[in-house]
Amino acid sequence: MTTHAKPREIIAVDNLVQTIGGQEILRGFSLKVYEGETLVLLGRSGGGKSVFLRHLIGLMQPVDGTVTFNGQNISGLQERDLARVRRSMGMLFQNGALFDSMTVADNVAFPLRERGETDEVLIASKVQTALQMVDLHGHQAKMPVNLSGGMRKRVALARALINEPRCMLYDEPTAGLDPIVADSIDLLIRRLQRKLGVTSIVVTHDMKSTFTIADHVALLHEGRCYFYGTCDQLRASTDPVIRDFVEGRSHEEP
Amino acid sequence: MAPARYVGDLLLSFARYLGDLALLAAETMRGIFHGEVRPRLVVQQIYEVGFRSQLVVLITGAFTGAVFATQTYFQFHRLQMDTAVGPVVSVSMFRELGPVLCGLMVAGRVGAAMSAELGTMKVTEQLDALRALAVHPVDYLVIPRFLAMLISMPLLVAECIGVGILAAYLLTTQVLGVSEAYYLHNMLHFTGGRDVAMGLIKGMVFGVVIVFVSCHQGLNAREGAVGVGRATTEAVVIGSLFILVVNFFLTMTLNIFFPAGK
């Protein structure tokens with residue numbers, strides 16, 4: 001008889017409250033993410049998914065509640081102390097957030113140079129590998145302004161992955177991409193999980209992507225975690241809020 | 001009560017603003033003491049803020065020196081004090097006109113560029129991307145600009161003053177016919193190291209004012225393109241006003257250490 005060790009919690013969010021412009025966006029959101037899994041966070045546009053994601057890497061500080069990463073409470077940490085935590089995390093922003101004064105290669109090499117790497121041959125080789133991974137090899141010399149939205153997002157993904165983070169946060173990684181590239185991004189997220197054991201938290205609306213990559217799914221509804229479970233549990237749910245979201249129903253007259 | 005309340009709110013928000021600037025300055029110093037200085041970026045910024053501001057500063061200095069010399073000459077000529085134009089122009093250029101006008105021009109050119117660049121980075125999430133990549137935005141963006149300004153500004157002020165004095169000299173001696181020897185003798189007799197020190201110290205302080213005001217506006221820009229536009233305008237307006245106000249207090253203070261005409 002074999003026993004399976006319980007996976008370790010890498011992120012624990014407890015009772016998170018956030019208010020923006022007088023409106024309560026998160027009203028006591030709690031969630032656990034286990035090491036090595038891919039968790040997909042679903043929710044309606046403007047529902048606070050991206051806001052939630054920003055708390056996980058300390059870009060926003062909660063009004064109330066705590067965020068624990070790897071056993072350390074990171075809510076309330078000073079910016080310089082957060083840098084240590086962020087070194088083991090990566091984040092893909094919705095619009096890529098590339099540095100527009102730098103070329104694609106310099107953008108991707110940025111984390112390496114910032115961590116003290118000076119061997120330009122090694123940097124170039126790592127940049128090449130990272131760009132190959134997102135199918136953008138040969139675009140090193142381009143400026144971000146000359147790239148399409150999808151390409152920008154993929155360069156940003158290469159930049160986020162180049163230092164091999166333990167935990168990746170994706171803010172709508174497949175939005176605005178053609179279905180083939182979107183699928184390749186999904187497969188990349190899966191590959192990173194299997195080969196390197198990267199924990200991923202993915203914010204998306206894309207149900208196809210969700211069913212491809214998710215180990216667990218959480219649904220953010222009215223500032224709280226409305227559903228948490230596996231893809232099978234999500235499919236099997238009869239709850240009207242969940243069914244509407246999964247099937248994309250608005251209940252409006254045509 | 002309404003006007004009193006309005007003035008009270010205004011004073012409070014001004015105090016808060018000064019506090020924010022002080023915090024930004026403190027964070028910059030903390031970064032420097034943590035060794036977060038990127039020499040490559042400092043050199044790049046010296047090129048941007050120092051080297052590329054030269055033309056603006058040289059033209060400002062030259063025409064200010066020339067016009068000031070002309071006006072002074074017309075007045076002094078009636079008193080038959082033509083050769084006093086030299087010291088008046090040089091002392092004024094060193095102590096007030098050089099640093100203040102150079103500061104105002106740099107606040108317009110460099111301050112606007114700094115706040116627009118940082119503001120755009122803010123609204124396009126590039127600042128958040130820096131933070132997510134474990135890089136403190138103050139370390140990466142403010143420290144190089146601060147150090148570049150600290151190095152460049154005294155040099156720009158020196159250029160502005162130098163070219164202003166040269167223009168005044170050429171105009172007064174070659175066009176208005178004042179004796180070159182007397183002009184130079186009087187100028188050198190009444191201008192001293194104290195005037196040079198005052199000009200360069202003022203330049204350095206104005207540089208620091210421009211950096212913190214502009215970077216603060218940029219780092220706190222909001223609401224997309226409109227927010228960046230507003231941040232840029234405010235950086236130039238606040239930077240320029242601060243230069244004029246700070247100049248008054250600097251003049252009063254520095255006069256204790258470098259008294260004029262002694």
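From the N terminus on, chain B reads as α-α-α-α-α-α-α-α-α. In this predicted model, its secondary structure thus comes to nine helices and zero strands. The C-alpha atoms of chain B occupy a box of roughly 65 × 55 × 35 Å along the principal axes. Of the 262 residues in chain B, 48% are buried. Contacts in chain B also reach across the sequence: among those between residues at least 6 apart, 89% join residues at least 24 apart.

Chain A can be followed through its domains. It is divided into domain 1, made of residues 9-88 and 166-247, and domain 2, residues 99-164. Their C-alpha centres lie 25 Å apart. Where the two domains meet, eight residues of domain 1 of chain A are in contact with seven residues of domain 2 of chain A. On the domain 1 side, helix H6 (residues 179-196) of chain A gives the most, with four residues. By class, that side holds five nonpolar residues, two polar and one charged.

Strands come next. Strands of a sheet pair through backbone hydrogen bonds, in either a parallel or an antiparallel manner. In chain A, four strands form an open sheet with antiparallel pairing, in the order S2-S1-S4-S5. Strand S2 (23-34) and strand S5 (72-73) of chain A each have a single partner strand, so one side of each is left without a neighbour in the sheet. Helix H1 (residues 49-56) of chain A lies across S1 (9-20), S2 and S4 of chain A, and runs at about 125° to S1(A).

Another strand of chain A, S9 (residues 216-221), pairs in both senses, as its two partners show. With strand S3 (residues 38-43) of chain A, S9(A) pairs in the parallel sense over five bridges, and A:Leu41 stands opposite A:Ala218 in S9(A). With strand S10 (residues 224-229) of chain A, S9(A) runs antiparallel, again joined by five bridges; A:Leu220 has A:Cys225 in S10(A) as its bridge partner. The hairpin of S9(A) and S10(A) has two residues between the strands, and A:Glu222 takes a positive phi near 50° there. Is S9(A) enclosed by the rest of the structure or left open? Five of the six residues of S9(A) are buried, so this strand is largely enclosed.

The interior can be viewed across both chains. In soluble globular proteins, nonpolar side chains tend to be buried together. The largest nonpolar core has 146 residues, and those touching the most other members are A:Leu41, A:Val108, A:Ala158, A:Leu169, B:Ala168, B:Ile210 and B:Cys215. Helix H6 (residues 137-175) of chain B supplies the largest share of this core, 21 residues. The core also draws at least three residues from each of domain 1 and domain 2 of chain A. Leaving aside neighbours within four places in sequence, A:Val108 is in contact with several residues of chain A, including A:Val127, A:Leu131, A:Ala158 and A:Ile162.

Finally, the chains meet directly: eleven residues of chain B are in contact with 15 residues of chain A. The chain B side of this meeting has five nonpolar, three polar and three charged residues.

Key. Residues numbered from 1 in each chain as written. Chains lettered and ligands numbered in written order. Predicted model: local features only at pLDDT ≥ 70, side-chain atom pairs only at ≥ 80, totals over all residues. Pairing = 2+ DSSP bridges. Axes fitted to C-alpha atoms, helices over the stretch in contact; angles between N-to-C directions. Nonpolar A, V, L, I, M, F, W, Y, C, P; charged D, E, K, R; others polar. Buried ≥ 20, exposed ≤ 12 C-beta atoms within 10 Å, placed from the backbone. Core = buried A, V, L, I, M, F, W, Y, C linked by C-beta atoms within 7 Å. Domains from an automatic or database assignment.
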